[in-house]
Amino acid sequence: MGDSEFLAQAEATLDAIEAALDKLNDEDMIDVECSRSGNVLEIEFLHNGSKIIVNSQAAMKELWVASRSGGYHYRQKEGQWINTRDGSEMLASLSEMVSAQGGAPVVISG
């Protein structure tokens, strides 16, 4: 995968995550605020002040997620972002992280 392809896919993924969380917030499913600065998406849970950070690492061609449960690296494989350590899929894992920190069951799809 070339740099421009990675950047396009990473940008689309960050956009999809932000849109999904904004929709859930609008539907009063969770109380969350998303802010974006370049390749960094910050998700703040307003009821407890905790955060999840999702950012792209172009040099590694990975998306990184930092949450209360730890730090994770995901690499594109067959159209999905796959954890480089355990093989889990990023949106499913992120749904679990958001559910845990947000206090309500959440499913994020892209």
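Asp31 is partly exposed, with a relative accessible area of 41%; buried means under 20% relative accessible area, exposed over 50%, and partly exposed in between (1.4 Å probe, protein chains only). Asp31 sits in the loop between H1 and strand S1 (32-37). Helices (H or I, at least four residues) and strands (E, at least two) are DSSP runs, numbered from the N terminus.

The structure is a predicted model, in which local features need pLDDT of at least 70 and side-chain atom pairs count only at pLDDT 80 or more, while totals for chains, interfaces and linings use all residues. Residues are numbered from 1 along each chain as its sequence is written, and side-chain values use heavy atoms, with hydrogens and water left out.

pLDDT is the predictor's confidence in each residue, from 0 to 100. The chain has an average pLDDT of 94, and 100% of the residues score at least 70. Confidence is lowest in helix H1 (residues 3-26), with a mean of 93, and highest in strand S4 (residues 62-67), at 98.

Asp31 also belongs to a negative surface patch, together with Asp22, Asp26 and Asp28. Residues of a patch have over 30% relative accessible area and no salt bridge; like charges are joined within 9 Å, and nonpolar side chains (Val, Leu, Ile, Met, Phe, Trp, Tyr) within 5 Å.

Side chains of opposite charge can pair when their charged atoms come close. A salt bridge is a side-chain nitrogen of Lys or Arg within 4 Å of a carboxyl oxygen of Asp or Glu. The whole structure holds seven salt bridges, and the table lists some of them.

| Salt bridge | N to O distance |
|---|---|
| Glu27 and Lys23 | 4.0 Å |
| Glu42 and Lys51 | 3.2 Å |
| Arg75 and Glu62 | 2.3 Å |

In the pair of Arg75 and Glu62, distant parts of the chain are linked: Arg75 is in strand S5 (residues 70-77) and Glu62 in strand S4, 13 residues apart. Arg75 is partly exposed, at a relative accessible area of 40%, whereas Glu62 is buried, at 2% relative accessibility.

In the pair of Glu42 and Lys51, Glu42 is partly exposed, with a relative accessible area of 24%, and Lys51 is partly exposed at 37% relative accessibility. Glu27, which pairs with Lys23, is partly exposed, with a relative accessible area of 42%.

Salt bridges also link Glu11, Asp15, Glu18 and Arg36 in a network.

Definitions and conventions. Areas by Shrake-Rupley, 256 points an atom, 1.4 Å probe, with all protein chains shown as cover. Lys, Arg positive; Asp, Glu negative; His and termini not counted. Charge placed at Lys NZ, Arg CZ, Asp CG, Glu CD.
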